[in-house]
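Student: I have a structure open here and would like to talk through a few spots in it. Could you take me through them, starting with what the burial terms mean?

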Amino acid sequence: MFGPLVRKFVIIMISILLSIMLGCTVPQENPLGYDFSSPDATYVLPDTLREVSGLAWIGGSSFACIQDENGILFIYDVNLKKLTNQYTFHIDGDYEGIARTGNSVYVLRSDGVLFQVSNFAFADFRLNTWDTGIPAEDNEGLCYDRKNNRLLIGCKSKIGKGPEFKDKRVIYGFDLNTKKLTSEPVYEFDINALKRFALQNRISLPEKDKKKGEDEQLLKLRISAIGIHPLTGRLFLLSATDYMMFVFDSNGKIEQMERLDHRMFNKAEGISFFDNGDILITNEAQSKVPTLLRFNYEVR
């Protein structure tokens, strides 16, 4: 009765022992589908994008980029590895996020003002502006939520004063039908809950030496970029300050956290996806050069 099961068990054990003896390792599942330790392509961006702060896929191999000092829209082609167009859409300012919907791109200024550049691919583009009234003073994350026809705006700073806001970070929605901000955040993240998730899953967090000589785990969760995966619907969130990537399900439940190499991701400020799931991440130059990193998506 148990003969076949016993034989199957013996075969499995022999396979494992042979793998160990031959120095082989059993492949580990990658729940995200990306290996953030090894980009599949690295692009050095032109110096005019030293302060690159956001990008959005606009079709083919082209992306629209912004940098956080000038109201200029840049078009970059990853196949040609060069800028193919650029034009001014507004005066200088602190521009931090960009998202595309149809023939329009939306640009987020850090104070929460949104700029809609319609017919962005043509010289006769039109510009509309909305003051969202978002309560945070510093906002950097912007992406298009196709399922709900809204933009998501990630607040880098707290949305209020007082201890109740200290460990809370939020993302608001901007309805593209009504052109109004949601009255309440679409997503709320509790830093202490994320710390517990990291501890339970043995994920290392940044550490700071306390005066008493003990190590303290730090997590600031200062949102620098957000994006929705086109195939899974997961929400990807970057915190450049923490050198970390966070992945949540569509309801905002944490699924994965990953430390990023601070040398490779010296200041990660932008996320965008190809339709096939490949992800692009931009890094500001600081003392180095601005980069665009591509990580291919591998379905697991």
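Tutor: A residue is called buried when its relative accessible area is under 20%, exposed when that value is over 50%, and partly exposed in between. Please keep in mind that this is a predicted model.

Student: OK, so is C143 buried or exposed on that scale?

Tutor: C143 has a relative accessible area of 6%, which is under the 20% cut-off, so C143 is buried.

Student: And what about C65, buried or exposed?

Tutor: C65 counts as buried too, because its relative accessibility is 4%.

Student: How many disulfides does the structure hold?

Tutor: The structure holds zero disulfides.

Student: Switching to the strands, how many residues of β19 are buried?

Tutor: Five of the five residues of β19, which spans residues 244–248, are buried, and therefore the strand is largely enclosed by the rest of the structure.

Student: Which residues sit on which side of it?

Tutor: M244, F246 and F248 lie on one side of β19, while M245 and V247 lie on the other, and all of them are buried, so that both faces are covered. As background, side chains in a regular strand alternate between the two faces of the sheet.

Student: In what sense does β19 pair with β18, parallel or antiparallel?

Tutor: The pairing of β19 with β18 (residues 235–239) is antiparallel and runs over five bridges, and within it L238 has M245 as its bridge partner. The two strands make a hairpin with four residues between them, and in that turn Y243 has a positive phi of about 55 degrees.

Student: Then what happens on the β20 side?

Tutor: Strand β20 (residues 254–259) also pairs with β19 in the antiparallel sense, over five bridges, and there F246 stands opposite M257. The hairpin of β19 and β20 has five residues between the strands, where G252 takes a positive phi near 90 degrees.

Student: New topic: where is N149 found?

Tutor: N149 lies in the loop between β10 (139–145) and β11 (150–155), and it counts as partly exposed because its relative accessibility is 25%.

Student: Which residues does N149 touch?

Tutor: Leaving aside residues up to four places away in sequence, N149 touches Y144, D175, L176 and N177. With N177 there is also a polar contact of 3.1 Å between the two side chains.

Student: And how far apart are N149 and F174?

Tutor: N149 and F174 are 25 residues apart in sequence, and their C-alpha atoms are 8.8 Å apart in space.

Conventions. Residues are numbered from 1 along each chain as its sequence is written. This is a predicted model: local features need pLDDT of at least 70, side-chain atom pairs count only at pLDDT 80 or more; totals for chains, interfaces and linings use all residues. Side-chain values use heavy atoms; hydrogens and water are left out. Buried means under 20% relative accessible area, exposed over 50%, partly exposed in between (1.4 Å probe, protein chains only). Two strands pair if DSSP finds at least two bridges between them. A disulfide is a pair of cysteine sulfur atoms within 2.5 Å. Contact means heavy atoms within 4.5 Å. A polar contact is a pair of N or O atoms within 3.5 Å; within protein, one must be able to donate a hydrogen and the other to accept it, and residues adjacent in sequence count only if both atoms are side-chain atoms.
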